[in-house]
Amino acid sequence: MGGDHEPRVAIVTGAARGIGAAVVDGLAGAGWTVVAVDLCADVDGVDYPMSGPADLDAVAARWPGQVAAVVADVRDAGALAAVVSQTERDHGGLDAAVAAAAVIGGGKALWDEPPQTLQTLWDINVRGTWHLAAAAVPAMLRRPEPRSGRFVAVASAAGHRGMWHLAAYITAKHAVVGLVLGLATDLRGTGVTATAVSPGSTRTPMLSATAALYDLADPEELSQHQLVERLLEPAEVAAAICWLCSEQASAMTGSVLHADGGLTT
């Protein structure tokens, strides 16, 4: 991707489980070197358990010598800048960054939702994506021309339609789409692109937390809203993200790919 350096190098946040882990597997399977980043700790204001260090280590262990596990908090701009700098030192540069770190919260009407819910979702889902872009894009621009750097953010079908008692989450994911639109425009003519993928209901711990917000006994009940009439698997969404990271996705920038099983149709 740009010049004649190989292999391609990516940073993925939210990499310990769910869609992020599936993206690591997809990129590594395609020959990429991947720096897999996750907080690996619970978060104040989030009422379901986060992944732990063992989860992140297990992802890296599937790809010895190809995937490096790094514990860092996307809310800390300096921590992500350090990850990017270390990646450039260790691997000679950066070709893609995938912002998959996110949490969900809600369960009440907007006027009843505690302000902290919006603050937590904003800090992780939006500012975390911003911090990764602010650190990773300059590194991709340091690659020699012709460049083909890729920034991909994980948005959500919730960023494109109203959903009951999820106003804060919808606000945050809609903002992620706006971030990508602005970033893509700033990257005009550079060879580096910015895109988003908006998943539908995907079989992840976050979906289980969503079902709990709706007092559903089984997350499978959420599949009825999708045209495919089933839940998506993380690997299906990751396939779209990995394609956007590829050189074959050169026509895509400022675009949102709806890997949502028809949820927003």
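This is a predicted model: local features need pLDDT of at least 70, side-chain atom pairs count only at pLDDT 80 or more; totals for chains, interfaces and linings use all residues.
Taken along the principal axes, the box filled by the C-alpha atoms is roughly 50 × 35 × 35 Å. Of the 265 residues, 54% count as buried, and the accessible surface of the protein chain amounts to about 11300 Å², with 55% of that area belonging to carbon and sulfur atoms. When contacts between residues at least 6 apart in sequence are considered, 74% of them join residues at least 24 apart.

The second largest pocket holds about 170 Å³ of space. Its lining is made up of 15 residues, of which Gly-45, Asp-47, Gly-105, Gly-106 and Thr-117 are the closest to the centre of the pocket. Helix 4, which spans residues 115-141, gives the most to this lining, contributing four residues. Sorted by class, the lining of the second largest pocket comprises six nonpolar, six polar and three charged residues.

Strand 2, covering residues 33-38, includes Thr-33. With a relative accessibility of 12%, Thr-33 falls under the 20% cut-off and therefore counts as buried. Leaving aside residues up to four places away in sequence, Thr-33 touches Pro-7, Arg-8, Val-9, Ala-10, Gln-66 and His-91.

Most residues other than glycine have a negative phi, and most peptide bonds are trans. The peptide bond from Glu-145 to Pro-146, however, is cis, with omega near -5°, and Pro-146 is found in the loop between helix 4 and strand 5, the latter formed by residues 150-154. Cys-40, which is not a glycine, has a positive phi of about 60° and lies in the loop between strand 2 and helix 2, the helix of residues 53-61. A positive phi, near 55°, is also found for Asp-215, again a residue other than glycine, and the position of Asp-215 is in the loop that runs between helix 6 (205-213) and helix 7 (234-245).

How values were computed: Residues are numbered from 1 along each chain as its sequence is written. Side-chain values use heavy atoms; hydrogens and water are left out. On a 1 Å grid over the protein atoms alone, a cavity is a set of points where a 1.4 Å probe fits but cannot get out, and a pocket is an open set with protein on both sides within 12 Å along at least five of seven lines; lining residues have an atom within 4 Å of a point. Grid points are joined across faces, edges and corners, and a volume is the space filled by probe spheres set on the points. Helices (H or I, at least four residues) and strands (E, at least two) are DSSP runs, numbered from the N terminus. Ala, Val, Leu, Ile, Met, Phe, Trp, Tyr, Cys and Pro count as nonpolar, Asp, Glu, Lys and Arg as charged, and the others, Gly among them, as polar. Buried means under 20% relative accessible area, exposed over 50%, partly exposed in between (1.4 Å probe, protein chains only). Contact means heavy atoms within 4.5 Å. Accessible areas come from the Shrake-Rupley method with a 1.4 Å probe; for residues, only the protein chains shown count as cover.
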